[in-house]
Amino acid sequence: MPSRGRALALLAAAPLAGCAELAGSPRVGSKNFTEELILGELYAQSLERRGLRVARRLDLGATAIAMRALQRGDIDLYPEYTGTALLDVLHLAPIADPRLAYETVARAYRERFGLVWLAPAPFEDSQALAATATTAARRSLRTLSDVARAAPQLTLGTVPEFLHRADGLPGLQRVYGGFRFRRIVQLDNGVKYDALLRGAIDVVVAFTTDGEIDADRLVVFVDDKRLFPAYQAAPVARPAALAAHPQIAPALDALAPRLTTKVMRRLNREVDGPAQREPADVARDFLDEHG
């Protein structure tokens, strides 16, 4: 999935320093956008509640950096997405079915890299198109097929990369036909929802766990021809760490079912929205709430 959201202080891609201060402790990593930082904290704090001392290596950077850190043994686990693993790491074709996507990446990571995927969360942070409820009702838009037909009367707001990705606008045009928008406005993630609410655009490229979807009561259009690949999140771990710390798998497997799409939208909103809370505080409150 493309990165977005608030990143904290970016770590360099150089080998990680300070690994000795918690020698023998599991090292939890994450990539450098809001949802990954929240997931990293949820993982770390869940393990701490099982009695483990955890070393945090959060905010590492992009997928390639996190994956190299895991393979080198600089970290022991981090959150990854099935769609990202398929497309960006394994260079396989996208898979829309969540179970098949998970089974494919779990098997390939085990065979190619000797790494283990733990239980996936039910939420999917996939790409989507969304609009205000007013626009959707006025133009009778419910599915992406509806949007494909109505596109000549609509203005699309999008990040630039969506215009070139195989699972972006070219994919929509290939699978659905149509999708020839009256106008396309390229926007940064930070301002796209404001543009939608102001009426500067009619349809926006979204991620399905964006907090603004629920906060602004937006309509996410049904991907009725299943173009967008599955993007379920799960911890990817080194087998040696799982053997050394048998609390890891049961703790994170127990956490996974609680992380629904609605939950992740709320947690992302608490960090990226007006409150601007820290991921560690959001994770702590969530775990307190759920015991």
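These legends accompany close-up views of one predicted model.

Residue numbers start at 1 along each chain as its sequence is written, and side-chain values use heavy atoms, with hydrogens and water left out. Because the model is predicted, local features need pLDDT of at least 70 and side-chain atom pairs count only at pLDDT 80 or more, while totals for chains, interfaces and linings use all residues.

**View 1. Confidence along the chain.**
The predictor's confidence in each residue is its pLDDT, from 0 to 100. The chain averages a pLDDT of 92. At least 70 is reached by 92% of the residues. Residues 6–22 fall below 50. Beyond near neighbours in sequence, this stretch has 42 contacts in the model. A contact means heavy atoms within 4.5 Å.

Helices here are DSSP runs of H or I with at least four residues, and strands are runs of E with at least two, numbered from the N terminus. Helix α1 covers residues 34–48. Its expected span is 1.5 Å times one less than its number of residues. For 15 residues that gives 21 Å, and the end C-alpha atoms are 21 Å apart, which agrees. Buried means under 20% relative accessible area, exposed means over 50%, and partly exposed lies in between (1.4 Å probe, protein chains only). In α1, 14 of the 15 residues are buried, so the helix is largely enclosed by the rest of the structure. Gln45 is found in this helix. Its relative accessible area is 9%, so Gln45 is buried. Not counting residues up to four places away in sequence, Gln45 touches Arg56, Ala280, Ala283, Arg284 and Leu287.

Two strands pair if DSSP finds at least two bridges between them. Five strands form an open sheet in the order β7-β6-β8-β5-β9, with mixed pairing. Strands β7 (183–186) and β9 (218–220) stand at the edges. Each has a single partner strand, so one side of each is left without a neighbour in the sheet. From one strand to the next, the twist averages 35°. Axes are lines fitted to C-alpha atoms, for helices over the stretch in contact, and angles run from 0 to 180 degrees between N-to-C directions.

**View 2. Parallel pairs around β6.**
Strand β6 (residues 155–158) and strand β8 (residues 203–207) pair in the parallel sense over two bridges. Leu156 stands opposite Val203 in β8. Helix α8 (residues 189–198) packs on the sheet and touches β5 (127–132), β8 and β9. The direction of α8 makes about 140° with that of β8. Strand β6 also pairs with β7, in the parallel sense over four bridges. Here Thr155 stands opposite Arg183. The chain crosses from β6 to β7 through helix α7 (residues 169–176), and this β-α-β crossover is right-handed. Right-handed means that, with the strands pointing away from the viewer, the path from the first strand over the helix to the second runs clockwise.

**View 3. Strand β8 and its cover.**
Five of the five residues of β8 are buried. Val203, Val205 and Phe207 lie on one side of the strand, with Val204 and Ala206 on the other. Both faces are covered.

**View 4. Strand β5 and its two antiparallel partners.**
Six of the six residues of β5 are buried, so the strand is largely enclosed by the rest of the structure. Four bridges join β5 to β8, and the two run antiparallel. Ala128 has Ala206 as its bridge partner in β8. Leu129 has Val205 there. Three bridges link β5 with β9, again in the antiparallel sense. Thr132 is partnered by Leu218 in β9.

Thr143 lies in the loop between α5 (133–138) and α6 (144–150). Its relative accessibility is 7%, so Thr143 counts as buried. Leaving aside neighbours within four places in sequence, Thr143 is in contact with Phe221, Val222 and Asp224. Val222 lies in the loop between β9 and β10 (233–237). At 39% relative accessibility, Val222 counts as partly exposed. With neighbours within four places again left aside, Val222 is in contact with Arg142, Thr143 and Leu144. Val222 and Leu129 are 93 residues apart along the chain, and their C-alpha atoms are separated by 8.6 Å.
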